[in-house]
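Visitor: Could you walk me through this model, one question at a time?
Guide: Gladly; have a look first.

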Amino acid sequence: LNFGIKLFSDKDLKQTFADINANRIRHVISMSVWKEKREETAAFARKLSLELVFIYEHPHDGFPCVTIDNTEAASQAVRYLASLGHRRIALACVPHLFHYIEERHEGYLRGMRESGLTPDPDLIFCSEETELHVRRLLALPPRKRPTALFAIGDNLALLAEKTAIQAGLHLPEDLSIFGFGNDPAGKYALSALSTIEESFEQRGEIAV
């Protein structure tokens with residue numbers, strides 16, 4: 001479209017939007033992930049009558065957002081694991097600081113319900129201590145131990161893989177692991193990692 005692009009930091013949004021206004025820029029794409037920054041960005045854009053599109057998370061103040069359906073994607077991953085015959089599917093999550101984490105957690109619960117499975121609280125954790133909790137899961141009695149694990153991010157999935165192999169398990173025979181994000185680090189996975197593509201490039205193209 002023959003547009004030029006200027007990059008700005010969201011650390012000092014007051015100064016950033018002063019510069020945007022001074023440069024007579026009318027179209028803004030925000031990649032902020034923190035809710036407070038996004039709300040502040042929307043307030044400045046509304047005040048200056050700018051066209052604003054968010055990437056990640058949720059819309060704000062009537063400005064649209066281009067993102068993926070985290071809930072449905074996570075649900076599909078869990079349903080896929082269930083279709084392979086898994087009935088004890090664990091969830092590796094982190095504290096719910098962002099919308100996408102809540103949505104992927106809810107997607108796991110939805111996928112379990114849609115597969116006719118009852119989520120077991122003992123197989124769910126939302127913590128930064130991934131390896132600690134995976135070891136706890138693997139130490140459960142065989143009839144309670146998960147046969148599959150859905151991780152809300154590939155980084156968690158890779159940690160789970162490493163922990164399982166250190167515990168003497170074979171992947172995926174003893175534990176199937178499904179990640180999220182198609183992170184480039186996945187090529188270093190100790191066992192082929194199933195994951196979900198987040199389509200960052202496509203989202204940016206749609207936003208533009």
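Visitor: Which residue just after H3 takes a positive phi?
Guide: This is a predicted model, where local features need pLDDT of at least 70, side-chain atom pairs count only at pLDDT 80 or more, and totals for chains, interfaces and linings use all residues. Residues are numbered from 1 along each chain as its sequence is written, and side-chain values use heavy atoms, with hydrogens and water left out. Helices (H or I, at least four residues) and strands (E, at least two) are DSSP runs, numbered from the N terminus. Just after H3, a positive phi of about 105 degrees is taken by Gly85.

Visitor: What covers the buried residues of H3?
Guide: Buried means under 20% relative accessible area, with a 1.4 Å probe and protein chains only. Among the buried residues of H3 (residues 70-83) are Asn70, Ala74, Val78 and Leu81. Their cover, counted by contact (heavy atoms within 4.5 Å), includes S4, helix H4 (99-114), S6 and S7.

Visitor: Are the faces of strand S6 covered or uncovered?
Guide: In a regular strand the side chains alternate between the two faces of the sheet. In S6 (residues 148-151), Ala148 and Phe150 are buried on one side, and Leu149 and Ala151 on the other.

Visitor: Which residue in S7 is the bridge partner of Leu149?
Guide: Two strands pair if DSSP finds at least two bridges between them. S6 and S7 (residues 176-178) pair in the parallel sense, over 3 bridges. Within S7, the partner of Leu149 is Ile177.

Methods
Buried means under 20% relative accessible area, exposed over 50%, partly exposed in between (1.4 Å probe, protein chains only).
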